[in-house]
Amino acid sequence: MHPHVNLIVGNEHRFVEPMAMVEHFVRRECKIPARDVATLLCAYRGRQQILDDIWDAAENARKRKAPLVVFYYGHGYKGGFSPNGGDIAYADVADVMTDVGFLFVNASCYSGSSIDDFKKNGLIP
């Protein structure tokens with residue numbers, strides 16, 4: 001079964017084109033149907049809306065018993081990321097990703113700081 005893919009684009013124009021290439025790869029090369037690929041342009045999305053979008057993707061994957069791939073490209077800080085210029089803690093993302101197999105590709109500064117929060121939630125060993 002193919003995964004559900006959530007592509008989260010940070011709040012600057014320079015993040016858009018590379019994520020468009022990732023979307024192209026996911027849809028064309030990996031042959032994942034468009035209905036299972038969501039691209040979130042986050043410049044004008046609120047923190048809770050972004051978390052809700054990740055939750056919806058995780059819920060979709062849970063229902064289908066499929067893995068979830070979340071790919072983020074944008075700004076990050078120690079303990080979280082900033083897709084819309086505001087802060088979203090990795091602990092909040094870890095809370096959303098319980099009970100679903102996932103791959104979190106995080107192309108941001110301080111991306112490694114997500115590991116402790118994911119470990120605390122039992123998402124990784």
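**Salt bridges in a predicted model**

Aspartate 92 and arginine 47 form a salt bridge, with their closest N and O atoms 2.3 Å apart. Aspartate 92 sits in helix α3 (residues 90-96) and arginine 47 in helix α2 (residues 47-64), so this pair ties together parts that are 45 residues apart in sequence. The model is predicted. Across the whole structure, a search finds seven salt bridges.

- Aspartate 92 is partly exposed, at a relative accessible area of 24%.
- Arginine 47 is also partly exposed, with a value of 34%.

- One of its links is the salt bridge between arginine 35 and aspartate 36, whose closest N and O atoms are 4.0 Å apart.
- Aspartate 36 counts as buried, because its relative accessibility is 3% and the buried class lies under 20%.

**The pair of aspartate 53 and arginine 45**
- Aspartate 53 forms a salt bridge with arginine 45. Their closest N and O atoms are 2.5 Å apart.
- Aspartate 53 counts as buried, at 17% relative accessibility.
- Arginine 45 is partly exposed, with a relative accessible area of 21%.
- The two partners fall into separate classes because the buried cut-off is under 20%: aspartate 53 has 17% and arginine 45 has 21%.

Key. Residues are numbered from 1 along each chain as its sequence is written. This is a predicted model: local features need pLDDT of at least 70, side-chain atom pairs count only at pLDDT 80 or more; totals for chains, interfaces and linings use all residues. Side-chain values use heavy atoms; hydrogens and water are left out. A salt bridge is a side-chain nitrogen of Lys or Arg within 4 Å of a carboxyl oxygen of Asp or Glu. Buried means under 20% relative accessible area, exposed over 50%, partly exposed in between (1.4 Å probe, protein chains only). Helices (H or I, at least four residues) and strands (E, at least two) are DSSP runs, numbered from the N terminus.
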